[in-house]
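Colleague: I am new to this structure. Please show me how to read it, feature by feature.

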Amino acid sequence: MTPRSEPSLRDDFAPWLRRLGRRSRRLSAGALLMALTVASGIGLLALSGWFITATAVTGALLAAGAMATLDVYVPGAGIRLFAVTRTVARYCERLYNHDTVLRVLAELRAGMFSVLTRLDGQTLSQLRASEWLNRLTADIDALDGLYLRLLAPPLVAALAIGGVGALLAWFAPGIALAVVVPLGVLWLWLVFGQAWLGMAPARRRVASQDRLRGRIIEQIQGLAELRCYGTLASHRRALAGEETTLYADQRRLASRQALGSALVNLVVGGCVVLALWLAAHAEVDGRISAAVMVMMPLAVLALNEALGGLPQAFTQLGATRAAARRLNELAGRQGTLREADAPHAAPADKPAIALEAVSVRYPATLAPALEALTLRLAPGERLAVLGASGAGKSTLGQLLVRQLDPTAGAVTFNGIDLRDIALSELRARVGYLTQHSELFQASLADNLRLGDPAADETALWRVLEIVDLADWARDLPEGLETWVGESGRQVSGGQARRIALARVVLKEPQLVILDEPFSGLDAATAARIAARLDCWLQGRSVVFLAHAVDGLPGVARTLELLAGRPRE
Amino acid sequence: MLDPQLDNRRWLRDLAGDARGWLRLAGAAGILAGLCTIVQMGLLAWLVDRLVTQASPPAALSEAFVGLIGVLILRAAAQWVQERAGAEASLRIRARVRGELLDHLAALGPVRLGDRHSAGLGQQLVEQVEALDGYFARFLPQMRLTLVLPLVILAVVASLDWLAAALLLLAAPLIPLFMALVGMGAERLNREQFVAVTRLAGHFLDRVRGVTTLQLFNRTADSIDEVHAAADEYRRRSLRTLRLAFLSSAVLEFFASVAIAMVAIYIGFGLLGYIAFGPADALTLFSGLFVLLLAPEFFQPLRTLSQHYHDRAAALGAAEGLLELLGEPVPDGSGRMAAASSDEPRPAEPRPADSLPSDARGTAVTLRRVTIAHPGRGRVLGPLDLEIAAGECVALVGPSGSGKSSLLQLLAGFIDAESGELAIEHAPPVAWMDQRPWLVQGTLADNLRLAAPQASDAELWAAVRRAGLDEVVDGLSAGLATPLGERGYGLSGGQAQRLALARVFLSRAPLVLLDEPTASLDGETQSLVIEGLRELIASGATVVVATHQQALMRLAHRRIELTNHARRQEVGHDAPV
């Protein structure tokens, strides 16, 4: 990692603002609805106050026997109109805006996942699975606040302050100025001050919540060992440490957020009093009527609603920012496999594979994983690559299926560099049983169909037969529909391995790479499967990756690797 | 069956009892803030009345203006206390719930949790517990003041003008009715929402974990579509919830707005003298304006409550998931005769490092007519009779699926026997190692100390050496302080397995349970490990190992063959050590 300067707030949010910009029409409509709601609220209170005072004054005149008239119908209708628009506008606004935001989020989620699917094997293995999950769900969710809490509300609040200012200025510009200045300062504080106050603890809170989640997942995955060794308590202490940090920051944030809310009430209330005080003088001077004098503080009072949501939103800005930044890092990550601009079609003939002086060097390691390896595999040939763990077998496997590009040299498929072949075409022709086989949380049938989505049940039973699991599957109460749990825990390790093998068989690839296909199996089962596999492998090009050649069917040639080089 | 909803509510109520003081403080501060608002509105109306009807010069009223400012300050302070105390209550409760859940998960053990996604559980312990926040921090204190403040306001309004109070009251009873109707639907939907969120999280992690597999099987394009479809389905579901949730607050808004409009028009007409009945002719600008200002405040607590209503629904949804987890029965060690079934690790006397009580060989493990069954898989083992002597090494052999792992899990206390009796002489620690070495993010030393937190560096090195890992560690510039990523990034499969084995050595547990310990090791490393295991056996540990490998079987004093179909045991011949 090279130390880089911290991205600025603008850097963190810019890509997301651009993305939101693409839906600007929907977003402006949403903000307009929001503004309409606030305006109706201000109108309702201000007009009611004006109306009551006007009627009181007129009533007093009438009682004194003077001639006075007041149009009661227009203000009455106005009051009713504001009452209805406020309700309807708010309901529509909330629904409409949430729909918009969730649409954006669904796109983001799929977009981020697709970033992930383009990464190479080396990059993928460096990241914690729980971190990925978090980025994809919580971080993207956190971004819904960007528009709903951080963009539209301050904008609407500023508009509302401006609107009330304009209303007041219509009657008395001096009063408007006196009120708008402190309200403007309040707005600035709520947006910038609260964000500044909350930034550090909110970001720390997100980080410690992440670490806490990671620790909890670790503890769940390691319960067997922790319980057996009686060391749960000490692991729990590490967890408690994360919790303490988390709670301390939550406390700090609650305090600062409460400060913001109290300030809204104090300043808006203060402006109400100020408006009344100044308006009273203006009324004495005869510049405004009594009804307008009452309308002024009430219009200011209604601003409470427009400003009320800002303290929470901006105190927690750091959390949204942390989410945005992590997603940016993910999107900008190196280690993406490049697709050729004009990819070749993979040749239809049986694959002949060649490695020409291929070296692979991982970042931050001293020794290369593979060094100047030259290797040829004729069509239909079976090669066993042998070596201890760490000798470079898995690296070789990853190269052949292009999960990894060589640092130097080239891998060719019937003479064409793998980098020039469309990834999807290449991978359609290669089957690779990796060292760690992942089963998905789905039925047994769904797990098998990964190899061929169109496979019918007969085909599934056929491959289960090959891996010697058909009898076992027939005995299962739910048969092919049996749910296979996380990392296949509902099935034993050996069974999970065989299901993964069955998946590869179902794919019917032309080039087959099998990494220790029989590990974790007893000798009898391994022999049975090897015999059936031998049959199925006829005519395919095969690379076995193993510790020893024993039990691997039909191997014509072996290559022994030692620390990334062929053993002499 | 009890109504689960009732259970959820009761659980939340019990939890609230834990932070009663803070919640009371929050409620009281909220009520104080509400009372300040009433006084503030009264002062405002009084000032306006003086200014308009009495034509008092503003300067003559400056004391009242100052008083108004004072009330504002008091109100802001009370509000701060309310928010802060609510947050504190919630924080304490969440900390407690999280602790209880962790205890419970520990007691449930790895096998009971086997069919749950660890990320799903992580999500429950972090996000679902956090989802309780709004309920305790905001909803509960708000509820308290919602019970008090509207009544106070109504009394004040009634004392000013009973007809206006009647207008407010007219709208009021409709509100709880609507709220209940809307709330019931929202609650159900909210619970569905929680299930959807958890499922979405599981869906994601599954695909994220298996992204390599998806790449290899050329299914990335489909899976991106799937992810989009799942997220869009989540949007549709969320909107269904939100439509109802927003409706409840819209209904409230509507009544509040209409009531304010009616009160305003009534007061206006009354002040004009158009209303000839009731108390209308006694209205003044003071009482009229005061009533008008109080009208929104009458509805405000309920409106705020309805904004926090989703907090309650979220908490109930979370409560359901969490209670379900807490309600999962813990293995009770039924059929166990010795004290080894304890869920809580208790201090045990570790086996001395070198001394060997060779003459003190008793029986370490006794099984009588033991059977094991898994839900959904039926009986996987037994009935089995077995005695293992202290210091003996027993190999469990047989085809995969014959119950070797289950027997080890039973011995470790992760599962209960279906029937039969089991006795284990030693209390924990027991050493455990399975096919998937478990590694945490941290240094190599951290990973080793998982088995013995107090171990010295010298002890760590000794264990590393015995596990045949010393050459690897010697080659690292940071040695034992080298950091590892999740699932042991940086170590090969075999190295990770040897690290787990080093933990076994480090723990000095008298009973060692090994599940395919050498399955992923090459010949050279395997013999290193077997050398270490031989030493372990020689030091007097009782070892039970499930394996397919001849070399390990040869190491054992005895083989127990478990068969797949007949599911009965055949004790093999003693093998030479």
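Modeller: Chain B has 18 helices and eleven strands. Helices (H or I, at least four residues) and strands (E, at least two) are DSSP runs, numbered from the N terminus. This is a predicted model, where local features need pLDDT of at least 70, side-chain atom pairs count only at pLDDT 80 or more, and totals for chains, interfaces and linings use all residues. Residues are numbered from 1 along each chain as its sequence is written, while chains are lettered from A and ligands numbered from 1 in the order in which they are written.

Colleague: How many residues of chain B, in percent, count as buried?

Modeller: Start with the cut-off. A residue is buried if 20 or more other C-beta atoms lie within 10 Å of its own, exposed if 12 or fewer, and partly exposed in between, with C-beta atoms placed from the backbone. Of the 577 residues of chain B, 56% count as buried.

Colleague: What share of the contacts in chain B joins residues 24 or more positions apart?

Modeller: Two residues are in contact if their C-beta atoms, placed from the backbone, lie within 7 Å. Take the contacts in chain B with a separation of 6 or more: residues 24 or more positions apart make up 82% of them.

Colleague: Which domains does chain B have?

Modeller: Domain bounds come from an automatic or database domain assignment. For chain B, that assignment gives domain 1 (9–326) and domain 2 (339–571). Four residues from domain 1 of chain B and four residues from domain 2 of chain B make the contact. On the side of domain 1 of chain B that touches domain 2 of chain B, three residues are nonpolar, one is polar and none is charged. Here Ala, Val, Leu, Ile, Met, Phe, Trp, Tyr, Cys and Pro count as nonpolar, Asp, Glu, Lys and Arg as charged, and the others, Gly among them, as polar.

Colleague: How many residues does the contact take from chain B and from chain A?

Modeller: Chain B gives 125 residues and chain A gives 133 residues. Helix H9 (residues 220–272) of chain B brings the largest share of the side of chain B that touches chain A, with 27 residues. That side of chain B divides into 71 nonpolar, 37 polar and 17 charged residues.

Colleague: Which residues touch the most other members of the largest nonpolar core?

Modeller: In soluble globular proteins, nonpolar side chains tend to be buried together. A nonpolar core is a set of buried Ala, Val, Leu, Ile, Met, Phe, Trp, Tyr and Cys residues joined through C-beta atoms within 7 Å. The largest one has 368 residues, and A:Val300, A:Ala502, A:Ile513, B:Val263 and B:Leu513 touch the most other members. H9(B) gives the most to this core, 24 residues. Look at B:Leu513: leaving aside its neighbours within four places in sequence, its contacts include B:Leu408, B:Val430, B:Trp432 and B:Val544.

Colleague: Now a sheet. What is the strand order in the open sheet of six strands in chain A?

Modeller: Strands of a sheet pair through backbone hydrogen bonds, either parallel or antiparallel. Two strands pair if DSSP finds at least two bridges between them. The order is S6-S9-S10-S3-S11-S12 (chain A), with mixed pairing. Strand S6 (430–433) and strand S12 (565–566) of chain A are at the edges, each with a single partner strand, so one side of each has no neighbour in the sheet.

Colleague: How do S6(A) and its partner S9 pair, parallel or antiparallel?

Modeller: S6(A) and strand S9 (residues 511–515) of chain A are parallel, with four bridges. A:Val430 has A:Leu511 in S9(A) as its bridge partner. Helix H14 (residues 393–400) of chain A packs on the sheet, and its direction makes about 155° with that of S9(A). Axes are lines fitted to C-alpha atoms, for helices over the stretch in contact, and angles run from 0 to 180 degrees between N-to-C directions.

Colleague: And what joins S11(A) to S12(A)?

Modeller: Two bridges join them, and the strands run antiparallel. A:Leu561 has A:Pro566 in S12(A) as its bridge partner. The hairpin has two residues between the strands, and A:Ala563 takes a positive phi near 50° there.

Colleague: Where does B:Arg508 lie, and is this residue buried or exposed?

Modeller: B:Arg508 is in the loop between helix H16 (493–507) and strand S8 (511–515) of chain B. Its phi is near 55°, a positive value in a residue other than glycine. B:Arg508 is buried, because 23 other C-beta atoms lie within 10 Å. B:Arg369 also has a positive phi, near 50°, but lies in strand S1 (residues 363–374) of chain B. B:Arg369 has 13 C-beta neighbours inside 10 Å, so this residue counts as partly exposed.
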